[in-house]
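Please read the points below beside the model.

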Amino acid sequence: MVPVRIGFQPWDGMLDWRALATDLPADVLTVACLLVACNTAYVSGKSQLVVSRAKIMRRASLFLFVAAVPLDWLAFWFGGAVNDCLWLRVIKLAYAIRALVRQGGRRGGRESTRQRLLGLFQAVSALLHIAACVWFYLGSEYPLWVPARGVSWLWAQPALQNVTFIAYDQQLGLEPGATVWEQYLVSLYWACATLTSYGMTGSLSPQNEVEVVYSILLMALNLTVFRFLIGEVSGLVMVKDEELATRRARLGAVESFLRGSSLEKDLQDEITQHFKASQVRPAFDQTSILRGLSRSLQVEVAGYTTRGYLDGVALFAGCSPQLLDAVSVLLVEVHFAPEEYLYRTSEVARDMFLVIDGSVDELTETDVGEKLDCVHRPGSCTGVLSFFFGLRRL
C-alpha cells in the first residue's frame, strides 16, 4: 500500500481508519521480525551454536533496526506533513522486498516449477504495481514542481490547457471526480503497455522531460528485466519438455523390447508398470550429498526434510528430541515400485523401513497361494526386530 498512498493519496491523513488498517499491522510485523532476529541462535561457520545475545544482535541486519523505528509516526508527531511522512515508510517497503528476494535466493533450486512460476508472477505484479503508482505520481505532481511548464499526461494548469491534447471529459480516470480505482487502473494499463511494448499508449504519452526519462527507464527494463523473466519461463518449460522426452524415450524402448519378446501379457504389464513407477525416483544420490556435510548441518537439513516423519511414529513415541535428531540424520528416502519386495522369509533385515506413502503388505506363501498377514500403512515400521537384534524373518 505504500506506493498507492504516495502516488494516489487515497486518504486524508495518517489517522484515517483505512490507513491505520494497513500501517499498524506492517509496523507490528516489522518489530516482531526484529525481536525474532535478536533472539534466535545461529550456527557459525565452525558448526558451533552461537547463543550470545551480543553476537546475535551484531549479526542482525542494521537495515531491520532502521525499518523497525516508526520514523513516519515520529515525523507526524512533530508536525510533519502527511505526504512527507509517507515517504519514510519506503524504508519498510524496501526491507520487505529485500527479505523476499533473499528468501527466494536461499530456496535456490529446491523450488518446484509451480513455485518458480508463482514467484515470477509475484515479481512482475510488484514491478507493474510500483511502476503504475510512480507514473500517476509524476503526472499529478510535476505541474506543481515546474509551474512555468505545468503540463503532464494527467493534468495541466488552466493557463496551459490549450497546449495539451488530453480530453479530460472523455478519458477513464482523467475526468473530474474519477475514483482512485479508475486512476490506478489507467496507470496500471500504461505501465503494462510500456513494459511490454513502447512508451506511447494512446493519449497517455509523456508530456514533459521527467515523464520521458521515466518512460525510457521502463522501456530499458523491458529490454533487460522483463526479457529475463520471459527467458526464465521459457527455460522452465524447456526443462520439463526435455525431462518428458527422456522419460518417453526410455519407456518407448521398453515397450519396443516387450513387443518383440514372447513374454506373457501379465508379465509385460508388470514390467511396464515398474518402469513407469521408477520415473519418480531421484536422478541423483541425495545420501552422498548429505554425508558430505558437517554433523550440525546434517541435523539442520534433516530438520527440514526427514525430522517430521518421526513425530507420528509409535516406535519413537516418548523419545528425546536429541535422539530423534540423531535418527532423522540416518533416514534415507527410497522408492519401491509395485510388487517389489523389501525382504523375504529367513533373511536378516539390514534396514528398517518407515512407511511414508502407500502401503507395504506382509505375505506368507502357502500351498494354495499367498496369504496376507498384515498391511503397514503410513506412520508404521517394518523389519524392526530383525534390524535391531539381527534375527531372521520367520
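1. Phe 8 is buried, at a relative accessible area of 6% (buried is under 20%, exposed over 50% and partly exposed in between, with a 1.4 Å probe and protein chains only). The residue belongs to helix H1, residues 2-8; helices are DSSP runs of H or I of at least four residues, numbered from the N terminus. Not counting residues up to four places away in sequence, Phe 8 touches Ala 132, Cys 133, Phe 136, Val 180, Gln 183, Tyr 184 and Ser 187, where contact means heavy atoms within 4.5 Å. Between Phe 8 and Val 134 the C-alpha to C-alpha separation is 9.2 Å, although they are 126 residues apart in sequence.

2. On provenance: this is a predicted model, in which local features need pLDDT of at least 70 and side-chain atom pairs count only at pLDDT 80 or more, while totals for chains, interfaces and linings use all residues. Residues are numbered from 1 along each chain as its sequence is written, and side-chain values use heavy atoms, with hydrogens and water left out.

3. Asp 23 lies in helix H2, residues 17-37. Asp 23 is buried too, with a relative accessible area of 3%. Its contacts, leaving aside neighbours within four places in sequence, are Arg 5, Trp 73 and Arg 89.

4. The structure has one cavity of 30 Å³ or more. A cavity is a set of points on a 1 Å grid over the protein atoms alone where a 1.4 Å probe fits but cannot get out, and lining residues have an atom within 4 Å of a point. Points are joined across faces, edges and corners, and the volume is the space filled by probe spheres set on them. The largest cavity comes to about 30 Å³. Its lining consists of Val 66, Ala 67, Val 69, Leu 71, Asp 72, Leu 88, Ile 91 and Lys 92. At least two lining residues come from each of helices H4 (62-68), H5 (71-77) and H7 (90-107). By type the lining has six nonpolar, no polar and two charged residues (nonpolar: Ala, Val, Leu, Ile, Met, Phe, Trp, Tyr, Cys and Pro; charged: Asp, Glu, Lys and Arg; polar: the others, Gly among them).

5. How do H13 and H14 pack? Helix H13 (residues 295-305) meets helix H14 (residues 321-330) at an angle of about 90 degrees, with the axes 9 Å apart. The two are therefore roughly perpendicular, a class that covers 65 to 115 degrees. Axes are lines fitted to C-alpha atoms over the stretch in contact, and angles run from 0 to 180 degrees between N-to-C directions. H13 contributes Arg 295, Gln 298, Val 299 and Ala 302 to the contact, and H14 contributes Asp 325, Ala 326, Ser 328 and Val 329. These residues divide into four nonpolar, two polar and two charged.

Technical notes:
Angles under 35 degrees count as roughly parallel, over 145 as roughly antiparallel, 65 to 115 as roughly perpendicular and the rest as oblique. On a 1 Å grid over the protein atoms alone, a cavity is a set of points where a 1.4 Å probe fits but cannot get out, and a pocket is an open set with protein on both sides within 12 Å along at least five of seven lines; lining residues have an atom within 4 Å of a point.
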